[in-house]
Amino acid sequence: MHWLSLLIIHVAPVFALFSSSELPTRNGEPFSGEMDDSSFEMLEMHSVHALSASYFANHSYYVVRSAGNLYIEPNEKEWIPSTVSHVDDTPPEEVRLNFTFPFYGHNESRAFIDPNGFLTFIGGQGCSQSGFCGWSSDSDANYIRWIAPLMTDLNPSNSADGKVMFQLGETNGKSRLAVTWKDVTLWSRPKFGAFTFQTVIFEDGTIYLSYWSLPFDPDTVFIQGRRGTRFHFPLYIGSEDASIREGEAARRYGKISIPFSAISTSQTIVMTPVLSCSGPKTCQSCSVRRSEVEGRLDCAWCAEKGVCTDTEGRDYSENTKAGCSPDRFRRNVFQCSIKEEPGFCGTDPEALCGVKQGSVAIRHEVAEASMPIIPIFVGIAVGLVFFVLSVVLSRIIYADCCKWSSGAARNEEEQRFSIFDTKEWKAVAPAEEEEQKSDS
């Protein structure tokens with residue numbers, strides 16, 4: 001029944017969080033006055049790695065695997081202290097990269113270090129509320145476009161030992177940014193110990209999530225609200241990207257969620273990027289890329305923008321704004337051959353393009369223009385083969401018939417002459433000739 005206890009422990013607090021309207025804040029509500037030790041509760045810890053196997057797999061943009069200890073020991077004389085060492089939640093610190101970092105197939109030139117255990121790739125708070133955004137039950141209010149070795153409500157300024165530092169350098173000849181959160185605790189009183197962990201991002205897009213000290217699972221710690229509601233500390237490990245458009249909710253995609261049970265001290269999670277839709281410069285090469293990603297992504301050509309893109313990825317909002325809606329992407333070489341604009345290809349990658357609005361004649365022209373050429377040649381070739389075979393068979397049959405007819409006539413003639421040559425015929429023939437003469 002071990003699995004049932006795990007389910008109760010993780011699902012019950014979530015249900016309580018979503019069923020209540022009160023949320024933790026930093027101004028005394030819903031808590032009464034200063035937090036003290038009685039406001040915390042820590043549930044039973046369970047075996048590490050119990051749920052790890054299914055989380056190390058191939059994802060849409062990354063291959064995730066567990067490795068040995070790849071933690072880079074910070075040299076405080078060479079590493080740069082981050083300004084977030086002295087804050088609770090905001091503001092994050094911007095770091096200008098000396099290399100281009102590909103994140104979900106899109107190049108990033110700067111990163112933002114957050115005191116709450118993660119990096120983002122957009123400026124500012126990156127969410128719609130003050131404080132730690134992970135407390136919100138509204139997913140649209142949470143952080144967007146992030147890499148999280150251990151995203152939870154931390155406070156590096158809790159103690160003199162807590163600090164965040166970073167270094168731009170090289171490892172194995174590859175440029176990288178390494179960020180370490182050292183001896184940081186949960187906000188309010190640091191009762192249960194301090195965390196030390198690290199993330200490293202490389203110029204080839206590889207991501208390291210490394211762990212040095214993990215005293216407990218933050219998800220098992222709860223806060224008692226003023227009206228008796230318990231809130232567990234939210235925890236996010238992994239990454240997520242989003243399509244952002246001003247005035248609209250972020251469209252999130254490609255989330256990788258790794259549970260606390262899948263990590264341990266002196267261990268590194270390695271996220272290796274795989275081939276994305278970005279790169280091809282023509283519709284035809286985009287259709288080739290579509291086959292290369294083997295169904296992980298919906299790579300298609302947006303004719304309005306002239307780009308190869310993942311139809312559900314970061315460019316979704318911009319594609320829609322440019323008039324390239326999901327049913328007007330071109331997904332194969334035959335759809336690429338359509339010249340009429342705007343093209344209407346539909347979401348079926350094997351469908352022929354048509355024109356969404358227009359005359360029947362134009363629709364027929366589009367259908368004819370998109371007609372596959374190779375099957376036509378195949379049909380002609382098959383027809384020629386049948387024609388040749390029919391001619392050969394006809395000649396064979398004709399030759400056999402002629403041979404049979406001439407052979408039958410020859411056999412009859414041979415039979416007639418062979419009868420005249422027999423002794424019986426020679427003996428009878430003179431008498432018959434004499435009778436014929438006398439009768440005449």
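## Exercises on side-chain contacts in a predicted model

**Exercise 1.** In this predicted model, E76 forms a salt bridge with K163; determine how far apart the closest N and O atoms are, and where in the chain the two partners lie.

*Solution.* The closest N and O atoms of E76 and K163 are 3.3 Å apart, and since a salt bridge requires such a distance to be within 4 Å, the pair qualifies.

**Exercise 2.** Is R331, which forms a salt bridge with D298, buried or exposed?

*Solution.* The closest N and O atoms of R331 and D298 are 3.1 Å apart. R331 sits in the loop between α3 (316-321) and α4 (333-336), whereas D298 sits in the loop between α2 (283-292) and β18 (299-302), 33 residues away. R331 counts as buried, because its relative accessibility is 4% and the limit for that class is under 20%. The structure holds 15 salt bridges, and a network of salt bridges links E108, R145, D241 and R314.

**Exercise 3.** Classify the aromatic pair formed by F132 and Y143.

*Solution.* A pair of aromatic rings is described by the distance of the centres and the angle of the planes. For F132 and Y143 these are 5.8 Å and 45°; planes under 30 degrees apart would count as stacked and over 60 as edge-to-face, so the pair is tilted. Both residues lie in the loop between β6 (118-120) and β7 (146-151), 11 residues apart, and both F132 and Y143 are buried. The whole structure contains 16 aromatic pairs, and one aromatic cluster is formed by Y61, Y62, F101, F103, Y104, F121 and Y253.

**Exercise 4.** Over which rings do K174 and the charged end of R251 lie?

*Solution.* K174 lies over the face of F202, at 4.8 Å from the ring centre, while the charged end of R251 sits over the ring of Y316, 3.7 Å from its centre.

Conventions: Residues numbered from 1 in each chain as written. Predicted model: local features only at pLDDT ≥ 70, side-chain atom pairs only at ≥ 80, totals over all residues. Heavy atoms only, no water. Phe/Tyr/Trp six-rings, centres within 6.5 Å; stacked < 30°, edge-to-face > 60°. Helix = DSSP H or I, 4+ residues; strand = E, 2+ residues; numbered from the N terminus. Buried < 20%, exposed > 50% of the residue type's maximum accessible area, 1.4 Å probe, protein only. Lys NZ or Arg CZ within 6 Å of the ring centre and 35° of its normal. Salt bridge = Lys/Arg side-chain N within 4 Å of Asp/Glu carboxyl O.
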